Amino acid sequence: MASNTDIMGYCGMVLLTITLIPQLYKIIKTKKGEDLSYIFLIMNILTCLFFLIYGILLKEKPLIISNSIVMFQIMFLIFLKYYFSKTNIIIEGRSQFSRV
């Protein structure tokens with residue numbers, strides 16, 4: 001049977017891993033990521049990295065699983081921010097040329 005500590009750890013893991021889903025959905029839906037700061041995203045990756053190392057050292061599965069998932073989500077956010085910023089420049093550039 002799981003201890004209260006384990007239950008709290010797994011509840012925190014679930015909540016942590018779903019926190020970025022609304023942001024991912026919004027960026028994919030709107031195809032805009034310019035409101036996200038690269039500094040914010042990099043700081044989140046560093047935070048997840050340190051918590052991941054901490055979880056590995058303590059052999060705590062909730063920390064390892066949740067921080068691995070969140071790190072992947074943040075890297076995906078960085079990719080989407082970069083991709084949509086380049087795509088929007090191309091689209092805006094074409095619309096400017098088409099008016100001439």
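Before the first click, one cut-off: a residue with under 20% relative accessible area is buried, one with over 50% is exposed, and anything in between is partly exposed. Now select isoleucine 64. Its relative accessible area is 26%, so isoleucine 64 is partly exposed. Keep in mind as you go that this is a predicted model.

**The whole chain**

Zoom out and switch to a cartoon view. You'll see 4 helices and 0 strands, and reading from the N terminus the order is α-α-α-α. Colour by burial if your viewer can do that: of the 100 residues in the protein, 25% are buried.

Isoleucine 64 sits in helix α4.

At 22% relative accessibility, isoleucine 78 counts as partly exposed.

**The nonpolar patch**

Show the surface and select Tyr38, Ile42, Leu46, Leu49, Phe50, Ile53, Leu57 and Tyr82. Together they make a nonpolar surface patch of about 820 Å². Which helix gives the largest share of the nonpolar patch? That's helix α3, residues 38–58, with 7 residues.

Pick out leucine 46 from the group. Leucine 46 belongs to helix α3, and its relative accessible area of 43% makes it partly exposed.

Lysine 81 lies over the face of the tyrosine 38 ring, 4.8 Å from the ring centre.

**Aromatic rings**

Next, show the side chains of the aromatic residues. How many aromatic pairs does a search of the whole structure find? The count is 5.

Start with phenylalanine 51 and tyrosine 54. Their ring centres are 6.5 Å apart and the planes meet at 75 degrees, so this pair is edge-to-face.

Now jump to phenylalanine 72 and phenylalanine 76. Here the ring centres are 6.4 Å apart and the planes are at 5 degrees, so the pair is stacked. The cut-off for stacked is an angle under 30 degrees. These two lie in helix α4, residues 61–99, and are 4 residues apart, again about one turn of the helix. Are phenylalanine 72 and phenylalanine 76 exposed or partly exposed? Phenylalanine 72 is exposed, with a relative accessible area of 55%, while phenylalanine 76 counts as partly exposed at 32%.

With Phe72 and Phe76, they form one aromatic cluster.

**Cysteines**

Select cysteine 11 and cysteine 48. Is each one buried or partly exposed? Cysteine 11 is partly exposed, at 43% relative accessibility, whereas cysteine 48 is buried, at 6%. If you go looking for disulfides, a search of the whole structure finds 0.

**Two lysines in loops**

Last stop: the backbone in two of the loops. First select lysine 31, in the loop between α2 (21–30) and α3. Check its phi angle: the value for lysine 31 is near 60 degrees, which is positive in a residue other than glycine. Lysine 31 is partly exposed, at 45% relative accessibility.

Then move along to lysine 59, found in the loop between α3 and α4. Lysine 59 is not a glycine either, yet its phi is positive, about 60 degrees. Buried or exposed? At 71% relative accessibility, lysine 59 counts as exposed.

Note on methods. Residues are numbered from 1 along each chain as its sequence is written. This is a predicted model: local features need pLDDT of at least 70, side-chain atom pairs count only at pLDDT 80 or more; totals for chains, interfaces and linings use all residues. Side-chain values use heavy atoms; hydrogens and water are left out. Patches are made of residues with over 30% relative accessible area and no salt bridge: like charges are joined within 9 Å, nonpolar side chains (Val, Leu, Ile, Met, Phe, Trp, Tyr) within 5 Å. Accessible areas come from the Shrake-Rupley method with a 1.4 Å probe; for residues, only the protein chains shown count as cover. A salt bridge is a side-chain nitrogen of Lys or Arg within 4 Å of a carboxyl oxygen of Asp or Glu. Buried means under 20% relative accessible area, exposed over 50%, partly exposed in between (1.4 Å probe, protein chains only). Rings of Phe, Tyr and Trp (its six-membered ring) pair if their centres lie within 6.5 Å; planes under 30 degrees apart count as stacked, over 60 as edge-to-face and the rest as tilted. A charge sits over a ring if NZ of Lys or CZ of Arg is within 6 Å of the ring centre and within 35 degrees of the ring normal. A disulfide is a pair of cysteine sulfur atoms within 2.5 Å.
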